[in-house]
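Subject: Structure handover

Hello,

Please find the structure below. My notes on what was found in it follow.

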Amino acid sequence: MRYGTDDEHPFDTDNRAWRRLRDVTSEHFDAITWNRDPDGRPVLLTLRDMRTGDTVTLAVLDSLEIRDPHAQLAVHTNGDLGAHGPTSGAEAAHSHAATLALNSTTLAVTRPVPLHDPAVTDLPATSWVDLPPDLAHVLRPALDDARTAVLVLLDRTEGWLAAIGPFPNHAAADTWQPADGPGHTADRLTVPLHPITIEQAQP
């Protein structure tokens, strides 16, 4: 549930990070959520260590939800392919290109792409994006170290790709399979997904 219309401090209890935090902390702590009157918005979270009785209280300030997940693909001069994100929408992904260019001397091409939800195995036509001519033949996964990953299905013949993710690690990405369609015959590139700041993730 989303609380209030305050753009400065919005909060949604359906936020996936909030739900995961509650699940993880409840396994190791006595967790108490303090809610605001009269609407019931969470404002504090108190965690009590069950063994020692020590407590810590965290303020719940706001939340950010990625409604239209995209990633910025980055291709380097040697063909290495990586990803940055996720962002909320293509515009936010595209705006990250300038930062990437400033931080790399080998960056050749960037492209914002939609991130298909791994929970859905059907890949719609809108998941596939065209590539510049001849680029599809040289792409390979970058070997950068990143905690999360994106699976890129690459059709080198047609010159297009689809990105699925994010995945918690490379192994999870490697096991994902599309239900049907061109994804079955496409090359599979599991590429690192580098996180970006909250400000950069927003449109």
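**Notes on the model**

D30 is partly exposed, at a relative accessible area of 34%. On the scale used here, buried means under 20% relative accessible area, exposed over 50%, and partly exposed in between, computed with a 1.4 Å probe and protein chains only.

Two remarks on the source. This is a predicted model, in which local features need pLDDT of at least 70 and side-chain atom pairs count only at pLDDT 80 or more, while totals for chains, interfaces and linings use all residues. Residues are numbered from 1 along each chain as its sequence is written, and side-chain values use heavy atoms, with hydrogens and water left out.

**Salt bridges**

The term stands for a side-chain nitrogen of Lys or Arg within 4 Å of a carboxyl oxygen of Asp or Glu. By this rule there are six salt bridges.

D30 is in one of them: its side chain meets that of R48 at 3.0 Å, N to O. D30 lies in strand β3 and R48 in strand β4 (residues 42–49), so the pair ties together parts that are 18 residues apart in sequence. R48 is partly exposed, with a relative accessible area of 35%. Strands (E, at least two residues) and helices (H or I, at least four) are DSSP runs, numbered from the N terminus.

D80 and R140 form another salt bridge, with the closest N and O atoms 2.7 Å apart. This pair links distant parts of the chain, as D80 is in strand β7 and R140 in strand β10 (residues 140–141), 60 residues apart. D80 is buried at 17% relative accessible area, whereas R140 is partly exposed at 42%.

R67 forms a salt bridge with D12, where the closest N and O atoms are 3.2 Å apart. Here too distant parts of the chain are linked: R67 sits in the loop between β5 (55–59) and β6, and D12 in strand β2 (residues 11–12), 55 residues apart. R67 counts as exposed, at 57% relative accessibility, but D12 is buried at 5%. D12, E65 and R67 are linked in a network of salt bridges.

**Strand pairing**

Two strands are said to pair if DSSP finds at least two bridges between them.

- β6 and strand β8 (residues 107–116) run antiparallel and are joined by seven bridges. A74 has T110 as its bridge partner in β8.
- β8 pairs with strand β12 (residues 160–167) in the parallel sense over two bridges. The partner of H116 in β12 is I164.
- Strand β11 (residues 148–155) and β13 run antiparallel, with seven bridges between them.
- Strand β7 (residues 80–88) pairs with β13 in the parallel sense, over two bridges. H84 stands opposite H194 in β13.

Strand β13 (residues 187–194) is mostly covered, with six of its eight residues buried.

**Around Q72**

Is Q72 buried or exposed? Q72 is buried, at a relative accessible area of 0%. Q72 lies in strand β6 (residues 69–76). Its side chain makes a polar contact with the side chain of T110 at 3.3 Å. A polar contact is a pair of N or O atoms within 3.5 Å; within protein, one must be able to donate a hydrogen and the other to accept it, and residues adjacent in sequence count only if both atoms are side-chain atoms. Not counting residues up to four places away in sequence, Q72 touches several residues, including H84, H94, L100, T110 and R111. Contact means heavy atoms within 4.5 Å.

**Surface patch**

I32, W34 and L44 form a nonpolar patch on the surface, with about 280 Å² of accessible area together. Patches are made of residues with over 30% relative accessible area and no salt bridge; like charges are joined within 9 Å, and nonpolar side chains (Val, Leu, Ile, Met, Phe, Trp, Tyr) within 5 Å. Accessible areas come from the Shrake-Rupley method with a 1.4 Å probe, and for residues only the protein chains shown count as cover. W34 is in strand β3 (residues 29–35) and counts as partly exposed at 45% relative accessibility.

**Whole chain**

The secondary structure comes to five helices and 13 strands. Of the 203 residues in the chain, 38% are buried. The chain exposes about 11800 Å², of which carbon and sulfur atoms supply 53%. Along the principal axes, the C-alpha atoms fill a box of roughly 60 × 35 × 30 Å. Among contacts between residues at least 6 apart in sequence, 55% join residues at least 24 apart.

Regards
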